Amino acid sequence: MDEFPPAPLLEVKDLRVSFQVLRGVTRSLIRAVRGVSFSLERGSILGIVGESGSGKSVSTQAVPGLLPASAAVSGSVKYRGKELLGLSVEEMREYRGRKIGMIFQEPGRSYDPLQNMASVFLETLRNSNPAVGREEAAAKAEALLGETGLPNGRERLMNFPHQFSGGQLQRIGIALALAQNCELLIADEPTTALDVTIQRQIVELLRELRKNRQISIIFISHDIDLVADISDRIMVMYGGMVMESADSPVIASAPRHPYTKSLIAASPRFGSHYSRERLVPIPGKVTDPARPEPGCPFAPRCTQARSECAAAVPELRPLAPGTGDFAGKGSAVTGKGDCVNTGGNPAHTIRCVLEGGELCP
Ligand SMILES: Nc1ncnc2c1ncn2[C@@H]1O[C@H](COP(=O)(O)OP(=O)(O)OP(=O)(O)O)[C@@H](O)[C@H]1O
Ligand code: SF4
Ligand SMILES: [Mg+2]
C-alpha cells in the first residue's frame, strides 16, 4: 500500500485575479477572483456553480493560462505537481490544448467558418505529431467522432461548422480535446445554449469519457441541479470566492450556506414546470467586483445577515463536528480527531459566520 496518497492532478491554491479597467474617467480594480483553492483527482468531476460574475470562468481560465495580459494573477496552479503560473507561452503550449482541453458555451465561435472539419482535425493532430498524414488523421478523427456520438464521421469531416448543430459542434469540441489525449477537460457552460434533451446527452457523454478514459472534468454551470447530477464535488462561488464546497449529494440534499440554499430554491427542477413548486428568485444585485463589500459579499442579499457579517470576510472553514450530516463519500467524519488535525469535516467547507466550524490549525 502507498504510504502517501497520490498527488492530485490539479491543485489550485489561493488563486487571485484582478483587472485594471477604465470606468468613465476613473481607473478601477476589478477583483474577479479572491483567494480560490481546490484540487482535482484523476478521473473525478468537479462542478462549479454560481451566478453570473461570480468568477467561475476567470478562475478556470487561469489554469491553462487563457487570461488576457491585463490580468494580474497570483497564487499557485499546479498540474501534476508542476507550477503553471508564470510559464512562458512556449512552455504553456505543452499543457494548453494538449493535457488541458477546454470547451465553451458557444462552440460555433471557436471554428473558422471556411475550414472543414477534416482540416481542423488534421491541424489539431499535427500539434502533437507533425508527421501525421491526411489519411491517418481522417481515420483517427472518424474514430473519435464515433466515440463522441457523431455517426458517419468520414462524410461529416467534409462539412463546415455551419453544417452542424450546437450539440454536434460540442461533440466535435470534445473529440478535438481527445485527439490531443487531454487528461483534464474544462467545460465552461458547455450545455447552456443547448435544449434539455441534448444537454443530458452531452452530460452522459462526459460521464462515459470519465469512466472509459479516466479524464478529469471541471464542469461549470449556473444550473445547480445539472452540476449536482454530473459532479463528484461541487464548489459554490460568489463574489470571486468559494462559499461552500462538498460532495455533490451533500450539497444537493443538505446545503448549509445561505447562498447555496438560495441557489437551490431559485433553480427550476426537472419537471417542476408541471408541479406546484415555486421558484424563489434571489433578491438584490450580485456584488460589484470593483467595490466588494468589506465583509461577507452575500450580506446585502442574505436573509440571515447579522451585524458581524459586514465586519470582515468570513473564513472558509471545515464544517464543525456534529453540525453537518457528514454523509458525503470520502468524508466519514464522526467527531473530534477526524479532521486532518482537529475537529471538523475537511470534506465540507463553508464561508459563513453561522457555521462555527473549528479551523484545523
Ligand atoms: N478581461 C476582463 N477585464 C475586466 N473584467 C473582467 C474580465 N474578465 C472577467 N471580468 C470580470 O470578472 C468578474 C468574474 O467574471 P467571470 O467571467 O469569471 O464570471 P462567471 O462566473 O464566469 O460569470 P458567467 O456565469 O456570466 O459566465 C466579472 O465581474 C467580470 O466582469
Ligand atoms: S456570513 Fe452572514 S451574510 Fe454571509 S451568508 Fe453567512 S449569514 Fe449570510
Ligand atoms: Mg463564465
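Valine 49 has valine 236 as its bridge partner in strand E9. The model is predicted; local features require pLDDT of at least 70, side-chain atom pairs count only at pLDDT 80 or more, and totals for chains, interfaces and linings use all residues. Residues are numbered from 1 along each chain as its sequence is written, and ligands are numbered from 1 in the order in which they are written.

Strand E3 (residues 45-49) pairs with E9 in the parallel sense over four bridges, where strands are DSSP runs of at least two residues and helices (H or I) are runs of at least four, numbered from the N terminus. Pairing requires at least two DSSP bridges between two strands. E9 also pairs with strand E10 (residues 241-247), in the antiparallel sense and over six bridges. Tyrosine 238 has methionine 241 as its bridge partner in E10. Two residues separate E9 and E10 in a hairpin, and glycine 239 in the turn has a positive phi of about 55°.

Six of the six residues of E9 (residues 233-238) are buried. A residue is buried if 20 or more other C-beta atoms, placed from the backbone, lie within 10 Å of its own, exposed if 12 or fewer, and partly exposed in between. Arg233, Met235 and Met237 point one way from E9, and Ile234, Val236 and Tyr238 point the other way.

Elsewhere, the axes of helix H3 (residues 117-128) and helix H6 (residues 166-179) come within 9 Å and cross at roughly 30°; axes are lines fitted to C-alpha atoms over the stretch in contact, and angles run from 0 to 180 degrees between N-to-C directions. H3 and H6 are therefore roughly parallel to each other, a term for angles under 35 degrees.

Key:
Angles under 35 degrees count as roughly parallel, over 145 as roughly antiparallel, 65 to 115 as roughly perpendicular and the rest as oblique.
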